[in-house]
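Please open the structure in the viewer and keep the selection tool at hand.

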Amino acid sequence: MRRRPELLAPAGNLEKLKMAIRYGADAVYIGGQQFGLRSRAGNFSYDEMQEGIAFAHANAAKVYVAANMVTHEGDIEGAGTFFTTLRDIGIDAVIVSDPAMIEVCLSEAPGLPVHLSTQASATNYETLRFWKAEGLERVVLAREVSMEEIREMKRHVDVEIETFVHGAMCISYSGRCTLSNHMALRDANRGGCAQSCRWKYGFFEADELLTPAMEARDEEPFSMSSVDLSMVRHIPDLVEAGVDSLKVEGRMKSIHYVATVCNVYRKVIDAYCDDPEAFEFDPAWEEEIWKAAQRELSTGFYYGTPTEREQLFGQRRAIPQYAFAARVIAYDEQTREATLEQRNHFRCGEEVEFFGPGFTRFTQRIEEMWDVEGKSVETAHQAMMTVRVRVDYPVDVDFIMRKRKVRVKEIAAIET
């Protein structure tokens, strides 16, 4: 049996925090209402943090707070009180990049563990030695680090290493981008990224606009956007390299994304660590990951420097798109009826898939549906509508029901 690394998941709000832990996360990272890099995420008040901490600790999980903004003059005001409050309400660690903020936390909130943010670009073991000497317990590596460099770090420094294994990747080095500042007057390094690299741009050669020609070949218009990271097939390498925490990106993603990704990585981590010699990768695990994917997937910098193949150029693969249709909020074992909280439109006759913690999943067709008054209905079209459906297999609270999205081309093919 191998040492089991922590599975660390994003939590943009309380619902996502609880869902991530239910689906296998050992820890979650959240944002407070100050000092973070996700100003548009559903950041936590102190009261919400306390509720999240209570839920996490009751389920043997931890909660970290990201306070990783790059501070300008005046930005650091109130940081001491912020860190002290986090320590006193039971936060397990803070993730910080700015040296001044680190100094404030260590001096004014002793006892609160500090983790170095990926924004600090730690890429060698000498850097890790420095931060350990400063009193940090963990370093979140830059995303540009290779697997061999991780092994070298672990050979030279006894400090916890956290590294990203899944999610969106920034096109610029360690997220140090000023496109958003220039194009939308929103500072990416102070929490306001407008994701300018994800926009579609016209592509010119001399005075000729080439974008229409690209679109005619069904190619993606010129973009600076990178594909997403997925190390789901390479968990054994990460474990053997000595990585202590496997981090999923996505505090602004849906609970469908959080639940799906945590479910798969929990399954793979446990399968390998429980019996490394007998481990075989199940293609069903990767198939499940694709149901939450929005872009192509790659291994980032782990096995070499990415090329143009790791950017969204040219014709894209047709990724199956699944919609988060409903969340199970109750289940009656006698009638085998699940009470659902609607999140996207669905109707009788549609094929849907239910999935839950422990990689439980099954597909079925919705034959009948009733509203809260017991009246038969054909569609669940109102936001957050509560309905009951009969399910083929037992489910539990916080199981998710999803359905395949039908694209325009597919509709045309069906009609033909």
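A contact, or touch, means that heavy atoms lie within 4.5 Å. Select F83: leaving aside residues up to four places away in sequence, F83 touches A67, V94, V96, M101, V104, C105, A109 and L112. The model is predicted, so local features need pLDDT of at least 70 and side-chain atom pairs count only at pLDDT 80 or more, while totals for chains, interfaces and linings use all residues. Residues are numbered from 1 along each chain as its sequence is written, and side-chain values use heavy atoms, with hydrogens and water left out.

**The cores**

V28 and F83 touch the most other members of the largest nonpolar core, which has 98 residues. A nonpolar core is a set of buried Ala, Val, Leu, Ile, Met, Phe, Trp, Tyr and Cys residues joined through side-chain atoms within 4.5 Å; buried means under 20% relative accessible area, with a 1.4 Å probe and protein chains only. Next, select residues 255-274, helix α10, which gives the most to this core, with 12 residues. Helices are DSSP runs of H or I with at least four residues, strands are runs of E with at least two, and both are numbered from the N terminus. Apart from this core lies another, of 21 residues, including V328, C348, F354 and M385.

**Two helix pairs**

Select helix α1 (residues 14-22) and helix α2 (residues 46-58). Their axes come within 10 Å and cross at roughly 10 degrees; axes are lines fitted to C-alpha atoms over the stretch in contact, and angles run from 0 to 180 degrees between N-to-C directions. The two helices are therefore roughly parallel, the word for angles under 35 degrees. In α1, L14, L17, K18, I21 and R22 make the contact, and in α2, E48, E51, G52, F55 and A56.

α2 and α3 pack at about 30 degrees, with axes 10 Å apart. Y46, M49, Q50 and I53 in α2 meet F82, T85, L86 and I89 in α3.

**A loop residue**

Where is Y302 placed? Select Y302 and find the loop between β12 (297-298) and β13 (322-332). Y302 is buried, with a relative accessible area of 6%. Its contacts beyond four places in sequence include V145, F164, L229 and L238. M147 is 155 residues from Y302 in sequence, yet their C-alpha atoms are 5.0 Å apart.

**The whole chain**

Finally, select everything: the chain has 12 helices and 21 strands. Of its 416 residues, 52% count as buried.

How values were computed:
Buried means under 20% relative accessible area, exposed over 50%, partly exposed in between (1.4 Å probe, protein chains only). Angles under 35 degrees count as roughly parallel, over 145 as roughly antiparallel, 65 to 115 as roughly perpendicular and the rest as oblique.
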